[in-house]
Every structure is written in structure tokens, then in C-alpha cells.
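Look at the model first, then read on.

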Amino acid sequence: MELGMIGLGKMGANMAVRLMGSGHQLVAYDLNEEAIKGVESEGAAGARTLQDLANQLAQPRAVWVMVPAGDPTEETIFALADALESDDLIIDGGNSNYKDTLRRGAALKDKGIHFVDVGTSGGVWGLKEGYSMMVGGESEAVKRIRPVLETLAPAPDQGWGHVGPVGAGHFVKMVHNGIEYGIMEAYAEGFELMRAKHEMNLDMHQIAEIWRFGSVIRSWLLDLTARALADNPNLDGIAAFVPDSGEGRWTVVESIDLGVPIPVIALALQERFHSREQMPFSDKLLAAMRHQFGGHAIKKAGE
């Protein structure tokens, strides 16, 4: 199949290589000239503008957009739409907010352009392992790009599926990432507790390796945890600062809108916020309140 690819960051470039390795023809565009040259060296045709990309593709065209969520995706999709024609198809494989996806899908439909949202998981391992893809869109549009999805997935019949209409793919991926937050937090807290039992001198990497096999809590995240602990048992040089991509926040907001309790995911998100604070005011205020009502000693900063 012939496909346009926009966005050649690490994940996009790996997807391009996986597609070309299976015989798909690719026309690639990125703002970074070196990124274009990189995939050209792998066999892709390079484009230097969106119009150039569109001109190199046979109609009806299909173009996969893999750029950061928010304004970059918004601007790219609508600039691309101006270069395309009726019955062409745009795929958003990034981490867009599903509400933005719904709006973009409606606007593109007015132009006669099909829109498919693909919530994509796999990160830097996708080239080797394949990508998990949650697909939203009209059935005929999804059917058109099925060969691409089957190539990118771990197997043609595994790791991907058409989950619903436009917006459904990004909605399911949003919840997927919220669950990821919760699982990661549970592992982190468990290892923190074991590490605090100093008299037992527990080996965190050994325990992670034990749990990887036969345990009910084995998972790919645990495999990666074991790898991290093997490389750096005390996590030296790593700051206790955990960013969030936004999808955890969107998941919590959605739970509020729907009145569905998700306390584990919500708390995991809050813990990420807390990790970024140095000398949190709230904790200092707790110490001050204890001193006020009970005369409890206050530990001075730097002690």
C-alpha cells in the first residue's frame, strides 16, 4: 500500500521503517530535513512540503500524521487538508484529546475527507515488538488502511482493532494511559516499601526478576522495571520528577464528567504532581499546624 507519513520523530521513524520493511511504499515529510534524509536512506520517498507529499501520492490518498498533540496536530491536519481532495484520508496516530478528534473529524467530513484516529502504544519498542492500536472511524475508511494496521501490529490479527466511530480510538487510548499511570504507581509504591525494610537487605532487581515469571502481577512494565533496576539498582542520577503527557488528566476529567469513580488512576496522577514539588507548601503548612495546636517541634529547612 502507498502511504504518506508526516512526523518522523523516534516513533514515527520506527513506524516508517516497519512499514517499508513489509513492502509498503512511503512518502515522508517532517520539518527536520535530517529526519527526511534518514528515512530516504531506508527507501522512502521524501517530501519537502505538504503539497509535495500530496502530489507524490496516488488518489485516493492516505496520510498518517504522527506529531505532538495540541497545536502541532491541529495545524498539520488542517494544512494537510488544504493539500488533499475529496475522498482522501487522514490518520491521526498521536495522543490527541478525543474531543479535539471529534471536532476535527466533523470539519474534515465537511470537506469530503475521511478521518481515522489511531490511539497508538508501543513507544520505542514498536519497531521490534509491533504497535498496539485502538482505531476509531467509519468502517470503510478503516478497511482502506487495514494493510497498514496489520503491518504495524504485533501480528495481523493481534494488538489492534476497530473500536468505534471517530474519536473512539483516542478515547480508548486515553483510558489505556490512565490505567498505565495506576499500574506504574502500584509497582513504584511496592518497591519503595520493600526498599524501606533495611534489615532484610532486599535486592530489588532480584525480586523484579522473580515476579516476572509465574506471578499474577507479571507484565511488560515489570519486565522494563527489572531492566531499569539491573542497569541502575539505586537509580542514581535520576531525579524524583515524573511528568505527565496529559492523557492521565483527561482520563480523570472524563471520570468527573461521567460520574465514574477511578480513585487509583486519580491518585496516581496526583502523585506525579507531587513528585515535581520541592519543599511543598502544603507539607510545610501541615508541620506549622501541628506546631500550633500541639507544640510539636518543627524541623528547620536544611536540617
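Which residues does T120 touch, not counting residues up to four places away in sequence? They are M11, M15, W64, M66, G93, N95, Y131, S132, M133 and K173. Contact here means heavy atoms within 4.5 Å.

This is a predicted model, where local features need pLDDT of at least 70, side-chain atom pairs count only at pLDDT 80 or more, and totals for chains, interfaces and linings use all residues. Residues are numbered from 1 along each chain as its sequence is written, and side-chain values use heavy atoms, with hydrogens and water left out.

T120 sits in strand β6 (residues 114–121). T251 belongs to helix α12 (residues 247–258). Helices (H or I, at least four residues) and strands (E, at least two) are DSSP runs, numbered from the N terminus. T120 counts as buried because its relative accessibility is 5%. T251 is also buried, at 6% relative accessibility. Buried means under 20% relative accessible area (1.4 Å probe, protein chains only).

| Side chain | Backbone oxygen of | Distance |
|---|---|---|
| T120 | G93 | 3.3 Å |
| T120 | V118 | 3.0 Å |
| T251 | E247 | 2.7 Å |

Leaving aside neighbours within four places in sequence, T251 is in contact with M174, V175, G178, I262 and I265.

Now the helix pair. The axes of α4 (residues 71–83) and α5 (residues 98–110) come within 11 Å and cross at roughly 10 degrees. Therefore α4 is roughly parallel to α5 (angles under 35 degrees). Axes are lines fitted to C-alpha atoms over the stretch in contact, and angles run from 0 to 180 degrees between N-to-C directions. From α4, T73, E74, I77, F78 and A81 make the contact; from α5, R103, R104, A107 and L108 do.

How values were computed:
Parallel < 35°, antiparallel > 145°, perpendicular 65-115°, else oblique. Buried < 20%, exposed > 50% of the residue type's maximum accessible area, 1.4 Å probe, protein only. Polar contact = N/O pair within 3.5 Å; in protein donor to acceptor, adjacent residues only side chain to side chain.
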